[in-house]
Amino acid sequence: MATAKQEIGNGNGSLKYVGTRPWRPDGVDKVTGRAKFGADLSLPGMLVGRVLRSPHAHARIRCIDASKARALPGVKAVVTRDEMPEVPSQWVPAGEVQVNYRDMSQNVMAREKALYDGHAVAAVAATTAAIAKQALDLIEVDYEVLPHVIDVREAMQADAPVLHDDMFTQGVEPTPETPSNVFKKVHFQSGDLDKGFAEADIVVERTFTTKPVHQGYIEPHAVVASAGEDGQCEVWCCTQGQFTVRAYCANLLGIDIGNIRVTPSEIGGGFGGKTVVYLEPVALRLSQLAGRPVKIVMSREEVFRASGPTSGGAMTIKMGATKDGKITAAKAWLAYQAGAFPGSPIQPGCMCVFAPYDIENAEVEGYDVVVNRPKVAAYRAPGAPISEFAAEGVVDEIAKKLGIDPAEFRLMNAAKEGTRALYGPKFGPVGCIETLEAARNSEHYSIPLGPNQGRGIATGFWFNIGGESCATINVNEDGTATVIEGNPDIGGSRASIQLQAAEALGIPPEKVRPLVADTDSIGYTFLTGGSRVTFATGMAAIDAAGKVVEQLRERAAKIWDIPVEAVEWEDGYAKPSGSNAGDFEPMSMAEIAAQAGKTGGPIAATASINAQGAGPGFGTHVCDVEVDRETGRVTVLRYTAVQDAGKAVHPSYVEGQIQGGAAQGIGWALNEEYIYDKDGRLENPGFLDYRMPVASDLPMIDAVIVEVPNPNHPYGVRGVGETPIVPPMAAVANAIENATGIRMTDLPMSPPRLLEALDNGGANGGS
Amino acid sequence: MVPTAAPNPLARVVLPSSLARYTGGVTELEVEATDIRGVIRALEARYAGIGRELEEGMAVAVDGHIHQDDLFAAVSPESEVCFLPRIGGGNEDLQIEANSV
């Protein structure tokens, strides 16, 4: 009996399609405007929903009188706290951060208190937008305005206004008897810190701050919800996770999960900010009450006032090193704003702060602090850019004081395979050193600088995650295939899943159509976040393809009347092998598919996995700036971003992720911040006043892909979506320091702030 | 003479210091197990109450590779099994704050 080894892919161990740059499968729809985003859906009889928001940063809601609004002709439903169920406390994951259902419920509709400017207090559904707006004006809310707190350090003070009377700091012994705004303390420690600092020849300690910044997705939140008389509910929305929207709506409204179907639209950016719900439960409740579909679309102002930015932070970093360049000890104190409800990314911030380095003695202490701002949401590598901005500044300063090139100093201390991370495990194969070497060896790193110009380098780390994913592959009658998956395509995952499925099937990617399905059409799949989709859902697609290949071999064996073991799969063809080699002409997928009905029925397979072993990501960025000493304006002259992708499935998309992360990080570094007035009202809720970088602000960002394969993925894939936003703030700050001699410690390093630092010789945010 | 059977190799377990209240301060120990659930059960048998915290509040790194919600991942003899805070998820009733290695 002939035997043949079954292999996934093209059979010879090399990759034929993974690593190529085919046209993106969603490209034509998006450039022609045919793609349907969240606000594009309309249904017969659909009502217009609008949300009334608190004008106060902190206020007790004494009474809400919506009787006049309800009486207005054309108003079909009004929702206040009285129409929303009370939800008990329960923590659940949302991307890499955690959320509490009780808090989520109170965030989508305030109960006893409004906790930030923009907090939803009521919603209406009406036949027209004008009537809905008029109805909002008729709702009378009796507020008792309370003292508020915006800044994280002020919120930690004993005399600060307390947002939640039932919040007692976790993680300290004994548990405090009085409530505070500090939700929890986290702590990590390794080695002997005192010994490490005693061994140091030089010690640098600095304090830094960063501001909350918004993800800045171009598409505002939008939803259409329809609740039927039979209890069946449908939701269409722009989201990073249709299954999480389904679970959140079910839990917040007391509906069985099986009675809700959620269909994700195309998504105009999310970056973590669309892993939670704001409008969906409200629209669904309005639809339940009105008996008609309800559509709600946020304005840009609402996006800024009411949806989650990432945390702002206050950090103190202390590091010591020997004169020959060995870091001997590192200590960090971090406090992150969580917004109005607990759940900042303080924990990953603590875990990442020193991750690029092999440091024997380290300690990190972190605090999760509530303030009167919108509840934070995930934003690319949540928590890491904040803490690593601070740490990379101190690393750079030590290198300068020791007279060692900053890239060399980082290489001397870089994490590598076998390095034990502060949070516990030893790293497997990682590409920290490789990204540093690529940056140091780049042409960019040796270009001469002119007057008032400076160069900065910084390294960043992010874990990446795996998790639960499903994928189904259906083989069509003509041998083409459809791969169905459950992750909204936020950064090119249609292409990466398509390519991996094509590789495993051995057919060209244009023969594989990727489809993002609703919650009833594919098995549970965790949301698009954590840089997980190309890794985890890609593995599910590869698994499903492997099952399809098994079926294809079985069908060919039946047709040829030989044992299945004697059929191998290579380049999309079944081939007889062993003693049967040459007995039959190879049979294509199309030929086998054409006979599927006669050989056993349709050929299809589903894989459901909980993907483990996501490879950590490291990146190193080099930034050149020119500082205008008269205005404080910083111009980014050159920017090179190096990223370990494990294996770049579609290199163009990887480069896009790298460039996008760098651009967002540069905006975080130089301009972006929320500005509140003395009453805690947001003064810049729009893109004119909240200054994000546009194309004309930036040079071409040179993306360099390094590939250190992840041994836990069949093709070596690591996530790449998040790490690129970690190094930019420090790279820019280090470049400014190199240009001016002033260490900027407070973000953003905007023209007024830098000019003040230049005028003061480094005081006020610089030193 | 009957040769003495060699003892089974044991997995080395590293616990975060936040769980030291269950273990009397022990943060490194050895257990015999073939998968993560076996490690958790062995630890629960020694330190009552620790199992729920490990299963619901922690991720696990086996020889450096992080697993979440993966009770049946294999643990080889002489593996290093390191519990660490979950990256995402969690339970406010759990102390997921400290790690000491």
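Tutor: pLDDT is the predictor's confidence in each residue, from 0 to 100. This is a predicted model, and the mean pLDDT of chain A is 95, with 97% of its residues at 70 or more.

Student: Which residues of chain A have pLDDT below 50?

Tutor: Residues 1-12 of chain A do. That stretch still has 35 contacts in the model beyond near neighbours in sequence.

Student: Why are α14(A) and α15(A) called roughly parallel to each other?

Tutor: The axes of helix α14 (residues 493-505) and helix α15 (residues 533-560) of chain A cross at roughly 30°. Angles under 35 degrees count as roughly parallel, and α14(A) and α15(A) are therefore described that way. Their axes come within 8 Å, and the crossing is right-handed.

Student: What makes up the contact of α14(A) with α15(A)?

Tutor: Residues of α14(A), including A:I497, A:A501 and A:L505, meet residues of α15(A), among them A:A541, A:I542 and A:V549. By class, this contact has ten nonpolar, seven polar and no charged residues.

Student: How is chain A divided into domains?

Tutor: Domain 1 takes 27-35 + 466-611, domain 2 takes 43-148 + 215-306, and domain 3 takes 427-463 + 615-767. The centres of domain 2 and domain 3 of chain A, taken over C-alpha atoms, are 35 Å apart.

Student: How do you know that domain 2 of chain A touches domain 3 of chain A?

Tutor: Residues count as in contact if their C-beta atoms lie within 7 Å. The contact takes eleven residues from domain 2 of chain A and nine residues from domain 3 of chain A. On the domain 2 side, three are nonpolar, four polar and four charged.

Methods:
Residues numbered from 1 in each chain as written. Chains lettered and ligands numbered in written order. Predicted model: local features only at pLDDT ≥ 70, side-chain atom pairs only at ≥ 80, totals over all residues. Domains from an automatic or database assignment. Contact = placed C-beta atoms within 7 Å. Nonpolar A, V, L, I, M, F, W, Y, C, P; charged D, E, K, R; others polar. Axes fitted to C-alpha atoms, helices over the stretch in contact; angles between N-to-C directions. Helix = DSSP H or I, 4+ residues; strand = E, 2+ residues; numbered from the N terminus. Parallel < 35°, antiparallel > 145°, perpendicular 65-115°, else oblique. Left-handed = near helix turned anticlockwise from the far one by under 90°.
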